[in-house]
Amino acid sequence: MSAPFASKKTRVAAISVFASAGMAAAKFVVGILIGSLALISEAMHSSVDVVATIITWMVVRVSDLPADEEHHYGHGKLESISALGVIALLYVLAGGILVAAYSRLREGAPPPVISATPFVVLVIDIAVNFWRARALHRAAHETRSQALAADALHFASDVLGSVAVLIGLALAGLGFWWGDSAAAVAVAIMIAALGLRLARSTVETLLDRAPEGASEKARDAISSLAGVVDVERVRVRMVGATHFIDAIVQVPRTYPIDRVEEIKRKAQAAVSAVLGDADLTFTAVPVALNNESVRERIMVIARNSGLAIHHVTVHDLGGKLTVSIDLEVDAGMTLTAAHDITQELERNIRDEFGADVEIDTHIEPLEPELPFGTDAAPERIETIRTALSRFAADTDIHDIHNVRVRDTEAGEIVNFHCRATPSMSVIRVHENVDEIERALRRAFPTVKRVISHAEPPRG
């Protein structure tokens, strides 16, 4: 719960305490003086509201505390528990009022002494309670606080109860002796009806009933994200003002982990945008898509086995699938161990595509992650640059530049940039550059690796 929401709940609850106490005392004193059961009943109802509001004030200060080691979902359920306690008080009060009203009706008790004082007190009470009910209702809606919602219902019932008491006193003033007792019964019935409404909402929250429409909003928000194939399941429950959401989401199995993590972050933002305070648990399920290429499927097989492969070449020879792969393994691994890994990879590929797949796997040593190296001498760099330019003259590549040569424990590593005709296809550029690289390694056996970067002519 954010700090502004927390302070607003506490402030509204505090104001309600003082307003409830003042009006309850005024109605009780006037009710005793004139002998009105309806007014005393309404005063008792307001007294329960004072107790309820004090409980609310204390509870919202605790329910807004963040989650801890013992309460992983926070303390929001305290609001629901406090609401149940208030509901119990309301029903006890309603029962007591009904018993007293029945006793007066049966015994034919005399009507209260009518004067202007109770009417003035009740009009003021109606105005104050109407203002408080609206303020609490707005705060409960903004903060999704069940405790404040319960308080708002109490004050709404006070408004209706005060109106009923006004009618009862008016009837008694007109000579209908039973008017005051009838108004007390009406107050009790309204208390019970409003308590039932609050009890239903509170119990549903305690039983983790999904808020109406929340699952659909969360599902639509997640489904709208790029990269989401389908949403298998969404579960939502409320703890205080927070929506806790569990979602199982299908994503393409070809996506790398960081791409899936990005989808998770966007899903959290999307759900928070439609539901407000939300905590999303996102479970990604990798699935195969119908449009996956053979190469993508092979890369997935290798990745699932924890293997590094590259230069995956796939051909369809008259209905027969042929696959060529470069497999990188630890340079110190024995040939037997490397061959066993190769056979396992090829077996997994055949399980995916069929036993008649032709597979050739080239085993090569895995390059060290951070090989130690130093820049070569300027004379050596110039020698390499001159050779590259000479070899490029026999191809469609030109303007060899930005040549760098590094000495490493494994041998020399050469990087260079070059230019090609803008209309030349990528495969044609690759073939020309490969020809230059092969010529350089033949001329300089110490060159371990050549990395080139082709670009169009300068504008």
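Author: Start with H12: its buried residues pack against helix H11 (378–392), strand E9 (411–419) and strand E10 (447–455). A quick heads-up: this is a predicted model, where local features need pLDDT of at least 70 and side-chain atom pairs count only at pLDDT 80 or more, while totals for chains, interfaces and linings use all residues. Residues are numbered from 1 along each chain as its sequence is written, and side-chain values use heavy atoms, with hydrogens and water left out.

Reader: How do you know that the span of helix H12 agrees with what it should be?

Author: Helices here are DSSP runs of H or I, at least four residues, and strands are runs of E, at least two, numbered from the N terminus. The expected span is 1.5 Å times one less than the number of residues. H12 has 18 residues (426–443), so it should span 26 Å, and its end C-alpha atoms are 26 Å apart.

Reader: Which residues of H12 are called buried?

Author: Val-429, Asn-432, Val-433, Ile-436, Glu-437, Ala-439 and Leu-440. Buried means under 20% relative accessible area, exposed over 50%, partly exposed in between (1.4 Å probe, protein chains only).

Reader: What puts them on the same side of H12?

Author: They cover an arc of only 160° around the axis, so they share one side of H12. That arc uses the directions from the helix axis to the C-beta atoms. Ile-427 and Arg-442 are exposed, on the face turned away from the buried side.

Reader: What does Ile-97 touch?

Author: Contact means heavy atoms within 4.5 Å. Not counting residues up to four places away in sequence, Ile-97 touches Ser-41, Ala-184, Val-187, Ala-188 and Ile-191.
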